[in-house]
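Biologist: I have a sequence and a model on my screen. Please show me how to read them, feature by feature.

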Amino acid sequence: MPLTLQEEARLARLEAAYEKALSGQRAKVTQSGGRRVEYGDVDLTKLKAEIEGLQAKATDGGRQRGALRFRL
């Protein structure tokens with residue numbers, strides 16, 4: 001089963017976040033224009049599980065079901 005456009009976009013964002021977290025490029029605190037934003041630590045195992053779940057859905061779609069039959 002192919003991914004929806006929203007799922008494809010989410011997968012791309014998750015993969016980018018995972019790469020940034022692994023490379024250490026992710027900022028924990030940033031300031032701009034007098035505003036300060038702090039980010040929490042990334043749970044790499046949870047992030048990787050989300051990525052793998054979406055990738056699995058894209059490749060095999062899980063269990064394939066046939067057509068429904070109704071008997072009267």
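This is a predicted model: local features need pLDDT of at least 70, side-chain atom pairs count only at pLDDT 80 or more; totals for chains, interfaces and linings use all residues.

Biologist: Is L3 buried or exposed?

Modeller: Look at the relative accessible area; under 20% counts as buried. L3 has 11%, so L3 is buried.

Biologist: Which residues is L3 in contact with, leaving aside its neighbours within four places in sequence?

Modeller: L3 touches E8, L11, L54, K57 and A58. L3 and Q55 are 52 residues apart in sequence, yet their C-alpha atoms are 8.8 Å apart.

Biologist: Let me step back to the whole chain. What pattern does the protein chain follow along the sequence?

Modeller: The order is α-β-β-α. That comes to 2 helices and 2 strands.

Biologist: How many of the 72 residues count as buried, as a percentage?

Modeller: The buried share is 12%. The chain exposes about 6400 Å², and carbon and sulfur atoms supply 51% of that area.

Biologist: Pick one core member. What is Y18 in contact with, beyond its neighbours within four places in sequence?

Modeller: Y18 contacts L44, L47, K48 and I51. Of these, L47 and I51 are also in the core.

Biologist: What about charged residues?

Modeller: Side chains of opposite charge can pair when their charged atoms come close. This structure holds 2 salt bridges.

Biologist: Which residue forms a salt bridge with E7?

Modeller: K57 does, with the closest N and O atoms 2.5 Å apart. K57 lies in helix α2 and E7 in helix α1, so the pair ties together parts that are 50 residues apart in sequence.

Biologist: Is E7 buried or exposed?

Modeller: E7 has a relative accessible area of 19%, so E7 counts as buried. The cut-off is under 20%.

Biologist: What else does E7 touch?

Modeller: Leaving aside neighbours within four places in sequence, E7 is in contact with L54 and K57. L54 belongs to the largest nonpolar core. Then look at the backbone: the nitrogen of T4 lies 3.0 Å from a polar atom of the E7 side chain.

Biologist: Which residue forms a salt bridge with R10?

Modeller: E50 does, and the closest N and O atoms are 3.1 Å apart. E50 lies in helix α2 and R10 in helix α1, so this pair ties together parts 40 residues apart in sequence. E50 counts as partly exposed at 32% relative accessibility. R10 is partly exposed too, at 35%.

Biologist: Last, the surface. Which residues make a nonpolar surface patch?

Modeller: L22, V42 and L44 make one of about 220 Å². L22 is found in helix α1. L44 is also one of the residues in contact with Y18.

Technical notes:
Residues are numbered from 1 along each chain as its sequence is written. Side-chain values use heavy atoms; hydrogens and water are left out. A nonpolar core is a set of buried Ala, Val, Leu, Ile, Met, Phe, Trp, Tyr and Cys residues joined through side-chain atoms within 4.5 Å. Buried means under 20% relative accessible area, exposed over 50%, partly exposed in between (1.4 Å probe, protein chains only). Contact means heavy atoms within 4.5 Å. A polar contact is a pair of N or O atoms within 3.5 Å; within protein, one must be able to donate a hydrogen and the other to accept it, and residues adjacent in sequence count only if both atoms are side-chain atoms. Patches are made of residues with over 30% relative accessible area and no salt bridge: like charges are joined within 9 Å, nonpolar side chains (Val, Leu, Ile, Met, Phe, Trp, Tyr) within 5 Å. Accessible areas come from the Shrake-Rupley method with a 1.4 Å probe; for residues, only the protein chains shown count as cover. A salt bridge is a side-chain nitrogen of Lys or Arg within 4 Å of a carboxyl oxygen of Asp or Glu. Helices (H or I, at least four residues) and strands (E, at least two) are DSSP runs, numbered from the N terminus.
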